[in-house]
Amino acid sequence: MAVREIFAGMPWWVKWIAVPVIAIVVFGGLIASVIGFVIGVLFKVLIFVILVGGLVFVVRKFMSSSSRGDW
């Protein structure tokens, strides 16, 4: 309730412009670090999925071509 009472007497631009700008200035580095970390993890997951999919494709291709006349 105290925060609502403090912001009740303030103009609209303080609530919607000044406070978010101050938050971005203060926490901007942290936000950028978190976003960079998440993008890095997603990129590594994508590379992992591509490599595993390629390995499965190659193994299936090799197994199907080698098992035609040998067995």
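What percentage of the 71 residues of the protein chain count as buried?

## Burial and surface

In this predicted model, 1% of the 71 residues of the protein chain count as buried.

## Overall form

The protein chain contains two helices and zero strands. Its radius of gyration is 27 Å, whereas a compact globule of 71 residues would have a value near 11 Å. When the box is taken along the principal axes, the C-alpha atoms of the protein chain fill roughly 85 × 25 × 20 Å.

## Valine 3 in helix H1

Helix H1 covers residues 2–8, and valine 3 is found in it. Valine 3 counts as exposed because its relative accessible area is 54%, and the cut-off for that class is over 50%.

From valine 3 to valine 41 there are 38 residues in sequence, and the two are 37 Å apart in space when the distance is taken from C-alpha to C-alpha.

## Lysine 15 in helix H2

Helix H2 runs over residues 12–66, and lysine 15 lies within it. Lysine 15 has a relative accessibility of 34%, so it counts as partly exposed, a class that falls between the buried limit of under 20% and the exposed limit of over 50%.

If the neighbours within four places in sequence are left aside, lysine 15 is in contact with Phe7, Met10 and Pro20.

Technical notes:
Residues numbered from 1 in each chain as written. Predicted model: local features only at pLDDT ≥ 70, side-chain atom pairs only at ≥ 80, totals over all residues. Heavy atoms only, no water. Helix = DSSP H or I, 4+ residues; strand = E, 2+ residues; numbered from the N terminus. Rg over C-alpha atoms; globule rule 2.2 N^0.38 Å. Buried < 20%, exposed > 50% of the residue type's maximum accessible area, 1.4 Å probe, protein only. Contact = heavy atoms within 4.5 Å.
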